[in-house]
Amino acid sequence: MQAAVVHQWGGPEQLVLETVADPTPSPDHAVVELKASAVNWHDILVRRSGRGFPLPRILGIDGAGIRRDTGEEVLIYPGLNWGDNPAAPSAQFSILGDDTDGTYAELVCVPAANLFPKPRHLGWEEAAALPVGALTAYRAIVTRAGLRPGDTVLVLGAGSGVSTFSIMIAATLGATVLVTSSSTDKIERVRELGATDGVLYTDPNWPRQIIDATGGVDVVVDGVGANLDQSLYCLKPGGRVVVFGATAGTVGNIDIPSLYFGQHTILGSTLGTRDEFGRMLSLFDAHRLRPVIDSVRPLTDVRAAHERIESRAHFGKLVLSID
């Protein structure tokens, strides 16, 4: 099969398309003939540093295709060994494409239990865009933050895959949604997804603008990390921040008295369980939701896809067509 293989960690040039052996399924596993994959920020982080994973490696977490042994059209749940506790993953938890080969390939071998029917209203590229981004947003908003109809939600960084899914899911569930962005164009575009307003985070007074507009929000969906103090500032009393990423840095400062006087809650979240994946797909199916696709490229252009996501110019998901 053809696959984009990394033999050395580093820049996008380390992604090399080459012929490798087809995977052989072990018991309880199945081989999927991939039709499309998608690029995630997690792929960028692994490609740059390796994070201790073995080489050579085929990256890629998201994938949709045809199950080779049954002919079914499937979507891949990307979590491995979550465990029995829905509150948090086990010590053995990993993600497809980390210490196993992933979906930047024509074929991938995964546990059969990780395969779900492809949503019928979605094409291959749309389906492949869902798993990581939509599941991360669903767990953060629904499971961890406990979103209620009528809540006001602030999504930081409009334009990324997870943020566009967060806007879509929150609005569908009856929330009023605001965003931050570096671009007025992106703020206008997310209105089509259900957002009502937004502010430019390039303005240092943006948290005050959120307070002036809302009186304080119920939930902040934060994939930025380092600005946790600003997220807490935007909350109304009793509000909660759910953090799923750290794109701006891994260390953040907070004012402790404002945390306890405000009765605020800080929640961590990452990916989600197999059951949550099924519930997320049911939500997308029931409301005929479609992901935002920034662009579709052939697998041969995987380097260009990585370069675009690193530029942060994208809006929505970057997808690789493999068929």
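This is a predicted model: local features need pLDDT of at least 70, side-chain atom pairs count only at pLDDT 80 or more; totals for chains, interfaces and linings use all residues.
Visitor: Why is strand 12 described as largely enclosed?

Guide: A residue is called buried when its relative accessible area is under 20%, and 5 of the 6 residues of strand 12 (residues 176-181) are buried, so the strand is largely enclosed by the rest of the structure. Strand 12 is also joined by 4 bridges to strand 11 (residues 152-155), and these two strands run parallel; here Leu154 stands opposite Leu178 in strand 12.

Visitor: What makes strand 2 and strand 4 the edge strands of the sheet of 3 strands?

Guide: This open sheet has the order 2-1-4, with antiparallel pairing, and strand 2 and strand 4 (57-58) each pair on one side only. Strand 1 and strand 4 are joined by 2 bridges and run antiparallel, which meets the requirement of at least two bridges for a pair. Val6 stands opposite Arg57 in strand 4.

Visitor: How do you know that the buried residues of helix 10 lie on the same side of the helix?

Guide: In helix 10 (residues 302-311), the buried residues are Val302, Ala305, His306 and Ile309. Around the axis they cover an arc of only 100°, which puts them on the same side of helix 10. These buried residues pack against several elements, including strand 1 (2-6), strand 3 (29-39), helix 1 (41-49) and strand 18 (317-321). Just after helix 10, Arg312 takes a positive phi of about 60°.

Visitor: Why are helix 1 and helix 10 called roughly perpendicular?

Guide: Angles of 65 to 115 degrees count as roughly perpendicular, and the axes of helix 1 and helix 10 cross at roughly 105°, coming within 10 Å; the two helices are therefore roughly perpendicular to each other. Trp41, Asp43, Ile44, Arg47 and Arg48 of helix 1 make the contact with His306, Ile309 and Glu310 of helix 10. By class, the residues of this contact divide into 3 nonpolar, 1 polar and 4 charged.

Visitor: What makes helix 3 roughly perpendicular to helix 9?

Guide: The axes of helix 3 (residues 131-144) and helix 9 (residues 274-286) come within 9 Å and cross at roughly 95°, and an angle of 65 to 115 degrees counts as roughly perpendicular, which makes helix 3 roughly perpendicular to helix 9.

Visitor: Which residues of helix 3 and helix 9 meet?

Guide: Pro131, Ala134, Leu135, Tyr138, Arg139 and Thr143 in helix 3 meet Glu276, Phe277, Arg279, Met280, Leu283 and Phe284 in helix 9. Sorted by class, this contact of helix 3 with helix 9 has 8 nonpolar, 1 polar and 3 charged residues.

Methods:
Residues are numbered from 1 along each chain as its sequence is written. Side-chain values use heavy atoms; hydrogens and water are left out. Buried means under 20% relative accessible area, exposed over 50%, partly exposed in between (1.4 Å probe, protein chains only). The arc is that of the directions from the helix axis to the C-beta atoms. Contact means heavy atoms within 4.5 Å. Axes are lines fitted to C-alpha atoms, for helices over the stretch in contact, and angles run from 0 to 180 degrees between N-to-C directions. Angles under 35 degrees count as roughly parallel, over 145 as roughly antiparallel, 65 to 115 as roughly perpendicular and the rest as oblique. Ala, Val, Leu, Ile, Met, Phe, Trp, Tyr, Cys and Pro count as nonpolar, Asp, Glu, Lys and Arg as charged, and the others, Gly among them, as polar.
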